[in-house]
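Reader: I would like to learn how to read the features of a model such as this one, step by step. Could you take me through the sheet, the helices and the aromatic rings?

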Amino acid sequence: MTRREARARERVANPGQPTLFSGATVHGWRGIRELRHPVEMPLLWTGLALCVLAYLSWLALVVWLVTVPEPSGTARELRGLFVGESATSQAQVLLALPGLPLLVWVARALMYAQLRSRGVQMSPTQFPEGYRMVVEAAAAFGLRRVPDAYVVLGNGQVNAFASGHGFRRFVCVYSDLFEVGGSARDPEALRFVISHEVGHLAAGHVSFWRVLIQQLTGYVPVLGLALSRAMEYTADNHGYALAPQGTAGVMGLLGAGKYLGAHVNLHAMADRAAREKGFWVHAVAWSSTHPLLTWRAHALRDRSKPGRVMIRPKNVWFDAAGPVGYARSQGWPTPQQVLDHLDQVRPRVLGAEEQFGRYPGVEYAVVRDAVRLAEPTPTPRFVGQVGGMSGDLPDGSALPDRP
């Protein structure tokens, strides 16, 4: 055993107390570098530099307002934006900049208090299966302490989030999402979600200073949202590291909900990331806090490259099942053409598309009127080249040639 490996084992066995600079995990404030999206830290440092510049600008503004009480000309008009009857609310927000840390601290404290007083806390005796997933993710990512975990009423919303207050960390799963972990559905999809949220904690995304930077960079066009999307890819990498089999189930869940998600084909969704192009698709991507679902599916299916933050991916695996939105309407089929095609095509698996978009040759079993894999099959690591992409089937055989 090398000295480095010995130190790593010692950190896991004795993680120590969380401190301001130690980070949430034994890996330090940088987290697990292999799971970090490559553009996240450059965007973060850019955001930090802008935050420092913003506070220096505030300081210079306050000094100027105090030392030059009666300016003239243009300077007088500028002063009027901040003080006096003509002051604007946007300008006065800048004067309140030093109060932002206090607002963030109070908001996090209230959120934690709401979960502690209203949420159903996971424990060894309350939702133990879900709680075990939380603990296993915490152990795998080297968290210094097991985070709290709560289930709250979803009211139809499929969502989950991670946050913290002080040195405490917690994850929250909405009930409508948590239900997907039932044995009749896809427990690995729930494991992916929980690992994704614990990944946010392990990557330091919910630390106080990170949240403060994100709040300020959120006002910077392009930068703040790009940082948010990169962080989501980082969390997806954590989810995939522990639950690769849950990938397709999660994409289906987020795309079609807890009841129809099992009918979503991962490959069809991932290929659309490359096929659906144009300015307006990118405009939607650039204005989103999370990567587009098709882009996320593409990144989770092909692990050879990190997820795209700004520009769509270019490679596809299979032929398109239907027309794409940017194509001219003359190229779209007529209703009769589609009806004729539907009459010729028969579903391959239990009256539906391949469940979860799994790979050809994988057997399925019916359990409580739901379709799932007969036996757990690890998601393949892509090592060979097939049809312009790399891939192997779970049994070691190569993917079929593209039709």
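Author: Let us begin with a term: a residue is called buried when its relative accessible area is under 20%, and exposed when it is over 50%. Please keep in mind throughout that this is a predicted model.

Reader: With that cut-off, how many of the seven residues of strand β4 are buried?

Author: Six of the seven residues of β4, which spans residues 168-174, are buried, so this strand is largely enclosed by the rest of the structure.

Reader: In what order do the four strands of the open sheet lie?

Author: The general idea to hold in mind is that, in a regular strand, the side chains alternate between the two faces of the sheet. In this model the four strands form an open sheet in the order β1-β2-β4-β3, with mixed pairing. The edges are formed by β1 (120-121) and β3, each of which pairs on one side only. Helix α5, residues 100-118, packs on the sheet and touches β1, β2, β3 and β4, and its direction makes about 115° with that of β3.

Reader: Do strands β2 and β4 run parallel or antiparallel, and which residue stands opposite Val-151?

Author: Strand β2 (residues 148-152) is joined to β4 by five bridges, and the two run parallel. Within this pairing Val-151 stands opposite Val-173 of β4, while Asp-148 stands opposite Phe-170. On the other hand, β3 (residues 160-165) and β4 run antiparallel and are joined by six bridges, with Phe-161 having Cys-172 as its bridge partner in β4. The hairpin of β3 and β4 has two residues between the strands, and there Gly-166 takes a positive phi near 65°.

Reader: How should I read helix α2, and which of its residues are buried?

Author: In general, an α-helix has 3.6 residues a turn, so residues three or four places apart point the same way. Helix α2, residues 40-67, has 28 residues and reaches 41 Å from its first C-alpha to its last, close to the 40 Å expected at 1.5 Å a residue. Its buried residues are Glu-40, Met-41, Leu-43, Leu-44, Gly-47, Cys-51, Leu-61 and Leu-65.

Reader: Where does Thr-25 lie, and is Thr-25 buried or exposed?

Author: Thr-25 lies in the loop between α1 and α2, and with a relative accessible area of 1% it is buried. Leaving aside residues up to four places away in sequence, Thr-25 touches Gly-31, Phe-141, Gly-142, Leu-143, Arg-144 and Ala-202.

Reader: How many aromatic pairs are there?

Author: As a general idea, a pair of aromatic rings is described by the distance of the centres and the angle of the planes. Here the count comes to six aromatic pairs. One of them is the edge-to-face pair of Trp-29 and Trp-45, at 5.9 Å centre to centre with 80° between the planes. Trp-29 lies in the loop between α1 (3-13) and α2, whereas Trp-45 is in helix α2, so the pair ties together parts that are 16 residues apart in sequence. Trp-29 is partly exposed at 36% relative accessible area, and Trp-45 is partly exposed at 41%. Phe-279 and Trp-280 also form an edge-to-face pair, at 4.9 Å centre to centre with 75° between the planes. Phe-279 counts as exposed at 52% relative accessibility, as does Trp-280 at 68%, and ring pairs link Phe-279, Trp-280 and Trp-286 into a cluster.

Reader: Over which ring does the charged end of Arg-301 sit?

Author: The charged end of Arg-301 sits over the ring of Trp-317, 4.1 Å from its centre, and Arg-303 lies over the face of Tyr-240, at 4.3 Å from the ring centre.

Methods: Residues are numbered from 1 along each chain as its sequence is written. This is a predicted model: local features need pLDDT of at least 70, side-chain atom pairs count only at pLDDT 80 or more; totals for chains, interfaces and linings use all residues. Side-chain values use heavy atoms; hydrogens and water are left out. Buried means under 20% relative accessible area, exposed over 50%, partly exposed in between (1.4 Å probe, protein chains only). Two strands pair if DSSP finds at least two bridges between them. The expected span of a helix is 1.5 Å times one less than its number of residues. Rings of Phe, Tyr and Trp (its six-membered ring) pair if their centres lie within 6.5 Å; planes under 30 degrees apart count as stacked, over 60 as edge-to-face and the rest as tilted. A charge sits over a ring if NZ of Lys or CZ of Arg is within 6 Å of the ring centre and within 35 degrees of the ring normal. Contact means heavy atoms within 4.5 Å. Axes are lines fitted to C-alpha atoms, for helices over the stretch in contact, and angles run from 0 to 180 degrees between N-to-C directions.
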